[in-house]
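Please read it alongside the sequence and the structure shown here.

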Amino acid sequence: MAARAKPKSKSKSQRPKAVSQIAPPDPVEAHRLLQAVLDDPDDDEARRGYAGYLTGHGDPRGEMIAVQCELAKRGGLTAQDDPDSADLWDKFRELHSAHAAKWTKPLRVLGKETKWELQRGFVGRLLIDSADAGCTPDALTEIFASEPVVELTLGGSETQLRKLLDVPGIERIRRLAVHDWSPADGGSHVCTAVAASEELTGVIELRLGVKLGDAGIRALVTPRALQAVTHLALCAPDCSANVFGELARSPLGQRLEILEWTREDVTPQIVELVVALPALRTFVVSAGYFDAMQNVLVQRFGDRLVIEDEAGNDHVTGGVTGVSLRTWPKRS
């Protein structure tokens, strides 16, 4: 009987390669690191710590956080203005193209009008329409539980606004723009909803519009929160000088450093109140609405008198050029 030939041993190149096993993130540790980011949205070290942990466990979101933090550290300049950042921008585009749809999928639940912007690896700016069926307090709470949103724009009925403006995480919002109008009460419900919130403790820039009326402006005189506001934007406030005087004499008015009074005539009575505001250093008016009082305003504010001359209503929520952010990005 012929002897069987021994099977040839496989060379190293023929042997199956060992599969690298990366342990999944520990939910408790991942939550702890994420919470540090949520607790202090300005702290890039917290973001980098979370990024390193995710990267070490095979999650590409970690690399996105690290890349955007580095780009922000360099001033957010384009590759054309900062050639040394070209590789970072290439990596950002690669990661964004491959993974952004997955990372931002929860945001789409809020409605088709929702827009957002990734800042230093997380959603930092969010625009929603509370009229969308998916824009519920629970849905917004879930977003705030994972994304350190600090800039929020929204509109809708007073009932819905009140619910949204009291969800956990709303206290992190620093720039809030609320807009809406109805034939019944104009925009006064915008102010009453904002003033009723007890959680808006972090807002520094508050943008409200339009046609707020006496009832709306008066609601801001004694709000439940808003103690940090130093920048107030009123678009077509449509209020009497007497009621604006109440606001000017309130704690909110007395600490204002920037006031936008747009698409509304600047009467002598309004000017008298504005120039007396002790902390005010920047006053924004719309072209054609202040001509009669121009000399008085220039004398008081100098080059800090800013003239708004934007087409449309982008200045209401987006802000005035040179004073605040202007427009929202396309869905990213």
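In this predicted model, strands S6 (residues 231-235) and S7 (residues 258-262) run parallel and are joined by five bridges. Within this pair, Cys-235 has Thr-262 of S7 opposite it. Both Cys-235 and Thr-262 are also among the contacts of His-315.

**The sheet**
- Nine strands form an open sheet with mixed pairing, in the order S1-S2-S3-S4-S5-S6-S7-S8-S9.
- Strand S1 (115-119) and strand S9 (305-308) are the edge strands, and each of them pairs on one side only.
- From one strand to the next, the twist averages 10 degrees.
- Strands of a sheet pair through backbone hydrogen bonds, in either a parallel or an antiparallel manner.

**His-315**
- Helix H14 (residues 314-317) contains His-315.
- His-315 has a relative accessibility of 1% and therefore counts as buried, because the cut-off for buried is under 20%.
- With neighbours within four places in sequence left aside, His-315 is in contact with Arg-207, Cys-235, Thr-262, Arg-263, Glu-308, Glu-310 and Val-320.
- Of these contacts, Glu-308 falls in the range of edge strand S9 (305-308).

**Ser-250**
- The loop between helix H10 (241-249) and helix H11 (251-255) holds Ser-250.
- Ser-250 has a relative accessibility of 4%, so this residue also counts as buried.
- The side chain of Ser-250 reaches the backbone oxygen of Leu-247 at 2.6 Å.

Key. Residues are numbered from 1 along each chain as its sequence is written. This is a predicted model: local features need pLDDT of at least 70, side-chain atom pairs count only at pLDDT 80 or more; totals for chains, interfaces and linings use all residues. Side-chain values use heavy atoms; hydrogens and water are left out. Helices (H or I, at least four residues) and strands (E, at least two) are DSSP runs, numbered from the N terminus. Buried means under 20% relative accessible area, exposed over 50%, partly exposed in between (1.4 Å probe, protein chains only). Contact means heavy atoms within 4.5 Å. Two strands pair if DSSP finds at least two bridges between them. Axes are lines fitted to C-alpha atoms, for helices over the stretch in contact, and angles run from 0 to 180 degrees between N-to-C directions. A polar contact is a pair of N or O atoms within 3.5 Å; within protein, one must be able to donate a hydrogen and the other to accept it, and residues adjacent in sequence count only if both atoms are side-chain atoms.
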